[in-house]
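The structure comes first, then the points by topic.

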Amino acid sequence: MSNVESVTQAEAPAADPAAAGAGGSEKPRSLAGDAWNDLKRNWIFWAASVLVVLVVMMAAFPGLFTSADPEYCSLSRQHAGPSGGAIFGYNFQGCDVYARTIYGARNSVLIGLFATIISGAIGLIIGMAAGYFGGWVDALLARGIDIVLGIPTLLAAIVLARRLSDSEDSGFWPVVITLGVLTWTTGARIMRSSVISAKSQDYVAAARMLGAGHARLMFRHILPNAAAPFVVVLTLLLGANIATEATLTFLGVGLRGNAISWGIDISTAAPYVREAAAPLVWPSVFLAATVLAFIMLGDAIRDAFDPRLR
Amino acid sequence: MRGHFPLKMAVGATAIMLLAAGCSGGGDDAGDEAFVVSIGIGEPQHLIPSNTTESNGAEVLAALYTPLVDFDANNNPVLVAAESIESPDNKVWTIKLKDGYTFHNGEKVTADNYINAWNHAAYGPNGMGGSYFFARIQGYDELNPKDPDGEDGPQKPPTPPTNKLSGLAKVDDLTFTVTLKEPFSGWRSVMGYTVFYPLPNAAWASDGVLKEDFEQAPIGNGPFKIKGKWEHDSKIEVEKYDAYPGEKPKIDGVLYKIYQDQQAQYADLSSGALDIVTQIPIENLASAPTDLGDRFKTSPNSVFQFVGFPTFLEQYSKVEVRKAISMAINRKEITDSIFRGSQTPATSFVSPAVAGYRENSCGEACTYDPAKAKAMYEAAGGPKQIKITYNVDGGHKAWVDATCNQLKTNLGVDCVGVGEPKFADLLTKVEKKEDVGLIRMGWLMDYPLMENYLGPLYGTGGSSNYYGYSNPEFDNLVKQGSAAKTPEEAIKIWQQAEDILARDMPVIPLRHGQNVFGHSERVKNVEVDKYTKVELLKLEPAS
Amino acid sequence: MTDIKAEIDVLPGLDSSARLLEVEDLRVEFRTQVGVAKAINGVNLHLDPGETLAILGESGCGKSVTAQAIMGILDSPPGFITGGSIRYRGVDLLTLPEEQRRRVRANHIAMIFQDALSALNPVFSVGFQLGELFRVHRGMSRQDAKRRAIELLDMVKIPAARQRVNDYPHQFSGGMRQRVMIAMALALDPKVLIADEPTTALDVTVQAQIMSLLAELQRERNMGLILITHDMGVVADVADRISVMYAGRVVEEAPVLDIYARPAHPYTKALLESIPRLDLKGQQLNVIKGLPPNLTRIPAGCAFHPRCGYAQSVCRADPPPQLFDVAAGRTARCHFWTEVAGDEPAVK
Amino acid sequence: MLDSQRTWEMFRYFVRRVLQGVLTFFGATFIVYALMFANQTDPLQTLAGERPLPENVRQALTERYHLDDPFIVQYGHYMRGLLTGDFGISLTNRSIKEMMEQAWPVTVRLALLAIVIAVLISVTSGIISGIRRGGPFDTVTLIITLILLALPIVVLAPLAQLFFGVQLKWFPATAGADPGVYQLLLPAAVLATLVMATEIRVTRASVAENLRSDYVRTARAKGLSKRRVIGVHVLRNSLIPVITLIGLDLGNLMAGAIVTEGVFNIPGVGFNLFRGIRTEDGPLVVGFVSILVIVFIVVNLVVDLLYAVLDPRIRYE
């Protein structure tokens, strides 16, 4: 009995990156390399990357995009149309909508990113541990999720905001932590159920028999196969977090003082939408485009790394 | 009759069901259908008169009860349930009741009903929110001994030696006397407030103890009686009380629909599911005149909006700094652009709703003059950053932000609006003497006297003087005015006191409120009084 | 029931004298975001009843795509059939309306997949998945379908079929699962069976059992069998003819014994030389150097030339070599087939 | 044979989960009570709003509601009542039990309707866009999803009320205390948008992934119609992650209910929680949360049991 494929070694290029290039004169192919090759030629990936870079630039150097002062407002210009540099017109307080949208990126994007990273990390660890170890670990963690779900978001947000900040800071980190600490449950439960079904697969059993440790099993073998729905939840959570910041701020437990963010501007403009739509529309468009960029980026990367799509 | 009874009940039940389903129209087949007007309110905290100090409860109680006095257009007291209220020395007041008034359960209204209700209200352990109105009456202090809670933790408060005010005395069935601790010329007006309503004998479980569920279906002496019970968070219905001896209402009943949100009230008004909204939220003010046409109305009320300077903040201790800030605020621009004309600029320290109000008693300090303001501010060395702390649950963000923007532009300073979740949080910070900057304040009068602004807001230890203003000269004048022989005399002295305020600028007057209300096409003659209550007796069907 | 069966059997233009299966100049490409991959570039195959055709080649050469194209289960998009014909008893399957095409599947042409665990739906019992065929194609009731499912499990020699019919795929061993797959493929008595690496995932002993089961069932039913595999041992035992594929083309086709004796294409020869053999123990194995070409950038001329020891300039120039008749019923796609065939035979 | 073994396995699992649930219940109520206590600054002043709170009233109410007792005494006091079915009284002297009897039915109706709307819309559109990834339907769905994501519920709810309730008059502008299904449709739809974005994307990802799996190819090779391949084989597998989300939705829905119930004037659980938190009314909040926690425990148990029905590979340890 002989086996052609075991010799030519071309089966399942993604299954074992190290072996893929054996005996070849071409450059060795690896999973990451293949993924990168795919991504390089994927216009969606590029469009999304450009958007993300643009938004990050906006957050880092708003001065590059506008020379106007977003805090200079005058009621005499209330809901005035576009003029000069204020290409989106003026809002209820007579502030430059364009300038505020540009400057709002910093708080919105950073809060969205950091909060999502925190809740992603907590969700990943707890969901992975619960799903992988099962038994009493799962019971303990799953009941912990139930408890967190039972705590009203508003209550926890108020308490956290009070405990975490004194009145002098901008309230940025309390918002990030509040959102991060309260929103990990979805990711955790999704991760847990994905891990439960992934760990019953044959390749996991095979890897375990080959003596792979817990960490290696979890992160090398199970995670890549369980990550898809988790990534979807996280990209959406990013958008939800940006929007939720507005709600917290409106209840007085979010950003303080004259902080500018898309969420704040969207909520402030909403009651006057019949009078002037632009102050509502533009920050919403920027927020939606940011979320879209991350969703597309997530999809493209996931597809590139998915061996089954080759 | 008997045979018809079940049928009538069935018809009534159907009507209730229709109402509950929000179907207010389409009753053509029932010829003489009751004309019920629906009014939007928030959930009252209580419906016991002496425990009702907020406007929702007061609105409902005004339908169920008749006050001793009401007020005319000039804010002078007019007798309603009282035949006469007399006092030779402004200290001992003799109140004679009109004959013929009955409670909705048929009980005759007597002096005892007032005395019992007031004793209950003033008795400390009952914890009635309006008890402090009785503090002027002799014997109040015995009913409210100090709680010994202190360093050693909570202790049981002592039981007061008596539960009767020594200042209340029955003369005959329809007459009783009130003895005050000190003479007060305005006492007649004070008694117009909600907490002074009488309670029927049926209200008492035992002497001085109210029945547990009395407030679920209060029995009053007013033009309307309650129909069914207080359906919490949902509705309160009242219907015409046929045996009412006073002016009869022109409508058959009122359905108070309970809302959690004013914008929801407006949405229902716009879609025809509600007849009257007494306060249209500012978010809807831009569209309301077009939405409602001539059914969009305004009337003056007694709300006074201002910001106070906590005295513990060093940076605002110079009167020039306070005046400069006041002069840098363009009140008109804010009332026009933010409030769309629903409020008016304030240039005095009391509301136009009271006799003795003078326009621009604040003088130059309340006149917009950015150039002079800046010069004055810089000369006085005002702080580089101004803070305005407000509670976010009252819709204050828009005008605070606008005010800040004006201060930034006009004074060249940094200005931040700091939102606290609730007013109580703001007060907590003030108590801890934190750097809150200017604090947002508002005041709605209880009775139409200048004193009701001057005492609580600016008097030393005044109940709402959270910023801690204290001027003995001012206190003295307020006291003198209260003790004056006639209201006219009192006003004169109180105006002198107000002039001191213009000199000291402990607060910056910003705006006077207005009732901005709207109604459906079903009703006419809709008016809202200075206490933000709908004038029920004037309401009429439109057709 | 017979009415339905009869109706299904009548395909318009079905000609029982025509060839069981004939694939001509089949072309398939995958249009992806990163470019067009030409997976199949003119494949010709034919199959008669009772015959076993083995398709051989490295992964990515187009074996499985060919099978999927014949079955009509190519994922489209991204896969598109851009040319050629697939005739079953004279009926061109590619021009059939979708509804008729669907009925050809399982009824006339059926398929067995490599990894039975993933090829079976994890959330339905095997009884459901077998019975489904009878319920959908034969309109049977649930009970009848289940009875037939048990019969099928018996047929493929699964012990205690009556009990196991309610079990789920993950509760079976690998061999048993593959038997379920075979039962599923043969449920409706197809005339053509395509087996795509049916034994790759199995233990050696189980492989033999499965192959002999397949052979036995094929004999009983006189089916045509297309065996896609890389297991030369299986090929030698079972196949009648072999088609060797490279870069979407058949590069050599021959009766099984001829190909072992004297391969006429350098690629076939290289495949044979790379088999580990007991008699050459201790010697270094001849591995084919390089990798199969990227299908979006197939080299001009003969696609195999970059890896070929015989390659000369003619091999690098278009058009690629045509099929040369090597012997009766034997073709090879190489300019130098005579040299290749003339060298020392790979297998003695 | 295996079936009865699995039933027994599930039963034991069920019992264990119920026991865990009891602990969860006490854990959650304790944490919430502690949070309320930590949050408490001056509930009596909060109740009074901007009005001054006379000292004597403060004294009387502090005694009545045990507000100056230490935390653990208050908690003990509360739990003693709770275990005898006495939820206590709110700071406005209302029976919390009565408040809950009024609030829960309407919120349950609202939440169920929202979940039904969310699941119907998101599973349908998730499947369609999962099948035709990158197609026009997928693109349009994505854009709508993004719009819904970008508008916080404090914006979306009033806008929906304005357009569909006031201007178009398709639905009543507010629902009231005892609404029917029709009155609840608009608020439920608004609430559903909170969870729909995630559900659509997860269904889509899950369908797309399952469509690529080998068993789909097998199903097609079996000559099954596309409808059956997707409706039976793909759907069942794709629902597993979606079911997980439904269990979690409840938490999101409760957070959203605070706003939605206010805008549409529904005196439900969200509104009462909001009121309780704002007025620092400990017993009120904990009363509602204890029922809420029980609901979460039950729903998540049902979800986990549903996994077993949907995916026979899952084992209960």
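In this predicted model, 41 residues of chain D are in contact with 42 residues of chain B. Chain D also meets chain A, with 51 residues of chain D in contact with 47 residues of chain A. Within chain C, contacts join domain 1 and domain 2.

**Chain D against chain B**
- Helix 2 (43-48), helix 3 (55-64), helix 7, helix 10 and helix 11 of chain D each give two or more residues to the side that touches chain B.
- Helix 3 of chain D gives the most to this side, with 7 residues.
- By class, the side of chain D that touches chain B has 16 nonpolar, 14 polar and 11 charged residues.

**Chain D against chain A**
- Elements of chain D that supply at least two residues to the side touching chain A include helix 1 (2-39), helix 6 (136-150), helix 8 (181-211) and helix 12 (282-310).
- Helix 7 (153-167), helix 10 (226-263) and helix 11 (269-278) of chain D also supply at least two residues each to that side.
- Helix 1 of chain D gives the most here, with 11 residues.
- The side of chain D that touches chain A divides into 36 nonpolar, 9 polar and 6 charged residues.

**Domains of chain C**
- Chain C is split into domain 1 (2-239) and domain 2 (265-342).
- Their C-alpha centres lie 30 Å apart.
- Contact involves 10 residues of domain 1 and 6 residues of domain 2 of chain C.
- Strand 2 (residues 35-47) of chain C provides the largest share of the domain 1 side, 5 residues.
- That domain 1 side has 6 nonpolar, 2 polar and 2 charged residues.

Conventions
Residues are numbered from 1 along each chain as its sequence is written. Chains are lettered from A and ligands numbered from 1 in the order in which they are written. This is a predicted model: local features need pLDDT of at least 70, side-chain atom pairs count only at pLDDT 80 or more; totals for chains, interfaces and linings use all residues. Two residues are in contact if their C-beta atoms, placed from the backbone, lie within 7 Å. Helices (H or I, at least four residues) and strands (E, at least two) are DSSP runs, numbered from the N terminus. Ala, Val, Leu, Ile, Met, Phe, Trp, Tyr, Cys and Pro count as nonpolar, Asp, Glu, Lys and Arg as charged, and the others, Gly among them, as polar. Domain bounds come from an automatic or database domain assignment.
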